[in-house]
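User: I'm new to this structure and would like to learn how to read it. Could you walk me through a few features?

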Amino acid sequence: MASPMRIRAASKDGVTEVRVLMSHPMETGQRKDSSGNPIPAHHITELSAKHNDKVVLSAQFGPSVSTNPYLAFKFKGGASGDKLVVSWVDNKGESRTDEVQVS
Amino acid sequence: MRQKTIAAVLGAASVLATATAVTAQDLNFDEYRQMLADGNPAELFEMEGEELWRTARGPKNATLEQCDLGLGPGVVEGAAAQMPRYFADTGKVQDLESRLMTCMETLQGIPSAEVINGKFRQGERGKIASLVAYVVTHSNGKPIAVDLSHPKMKEMYAMGEKAFFYRAGAMDFSCASCHGEDGKRIRATSLPNITTAKCAAEGWGSWPAYRVSNSQFWTMQHRLWDCFRQQRTAEPIFASDVTIALSVFMAGKGNGGQAVWPGVKR
């Protein structure tokens, strides 16, 4: 079970700013461990953010994204109290979904 | 960034790429730190630490909610800013890590030896780091206020000062070799002059921190261990007197400065 994300969403003047901090090793597959064996790739592949039920951001992540990725974006609309859901899936099929209320 | 790219292109085009002196501006990590502070991944450790604080664990199956960090049982708010401090119940000066070890041993029955003999970022020692992240976050922005009045604190401060200037190891280095003068740096990292109150506060008040380059969260014990390692001398025992003495020296020197916890580092 993956660790929770920390999500903040704040609406101001009709624009909502979303900041997401994900907990993920984001292993590239290029590294070797101390005994010389390759460490298998393990990274997020897809991410989506929904405002209520509408997708406002959909992204493809790859091995070049850092460990514990941080993502910030803005979208038009959104009001205090709305639901914002962020979910990701990684290349091992693990996933995580967290939601917050827009403040 | 853009300016630098343009400058690099111009430099290459004119084939007159003169070795430019590194300016203080280029070495300024503060701007980068500000950009990162918003999404400091130390928060992930803090979340884990908060959960650990409230989870019943160990042979006694207890939480840490009754842990006394100096301001009374269970008081976390502002506690880290006043540590290290003298604790009458143990009769010792303790830093945050060693105090958490005491709480884990007395409340939860987890022997301190598991932490002391463990490895950084693993097992019980790793759990302590997460707990540290949780506790220090509740002192973020507070002034460092270490009470040096107790004789044991004075003793530790004096020992810390001595350790700070004590040269040892293959390089015959002391802490002061790198941290005793203004304007020193290692590669591109500016080194604080810990003999001044301002820089002592900057140093003490910016660890524990998340290191972006290796995606690791380091407590002050971990950071001090690394200083000894870089000094090429014997590595200190986790939470041993010398590490706490150095902490008392730094925190005491930095009294009044602001704690920015948890920090974020290159």
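User: Which residues of α10(B) meet α12(B)?

Analyst: Two residues are in contact if their C-beta atoms, placed from the backbone, lie within 7 Å. Here A197(B), A200(B), G203(B) and W204(B) of α10(B) meet M250(B), A251(B) and K253(B) of α12(B). By class, this contact has five nonpolar, one polar and one charged residues. Ala, Val, Leu, Ile, Met, Phe, Trp, Tyr, Cys and Pro count as nonpolar, Asp, Glu, Lys and Arg as charged, and the others, Gly among them, as polar.

This is a predicted model, where local features need pLDDT of at least 70 and side-chain atom pairs pLDDT 80 or more, while totals for chains, interfaces and linings use all residues. Residues are numbered from 1 along each chain as its sequence is written, with chains lettered from A and ligands numbered from 1 in the order in which they are written.

User: At what angle do α10(B) and α12(B) pack?

Analyst: Axes are lines fitted to C-alpha atoms, for helices over the stretch in contact, and angles run from 0 to 180 degrees between N-to-C directions. The angle is about 125°, and the axes are 7 Å apart. That makes α10(B) oblique to α12(B), because angles under 35 degrees count as roughly parallel, over 145 as roughly antiparallel, 65 to 115 as roughly perpendicular and the rest as oblique.

User: Which residues of α10(B) are buried?

Analyst: Buried means that 20 or more other C-beta atoms lie within 10 Å of a residue's own. In α10(B), residues 197–204, that applies to C199(B), A200(B), A201(B), G203(B) and W204(B). Part of their cover comes from α12(B), residues 241–253. Across chain B, 36% of the 266 residues count as buried.

User: How many helices and strands does chain B have?

Analyst: Helices (H or I, at least four residues) and strands (E, at least two) are DSSP runs, numbered from the N terminus. Chain B has twelve helices and seven strands.

User: What is the strand order of the open sheet in chain A?

Analyst: Strands pair if DSSP finds at least two bridges between them. The three strands follow the order β1-β2-β5, with antiparallel pairing. β1(A) (6–12) and β5(A) (70–76) are the edge strands, each pairing on one side only. From one strand to the next, the twist averages 15°. β1(A) is joined to β2(A), residues 15–21, by seven bridges; within β2(A), V20(A) is the bridge partner of I7(A).

Notes: Buried ≥ 20, exposed ≤ 12 C-beta atoms within 10 Å, placed from the backbone.
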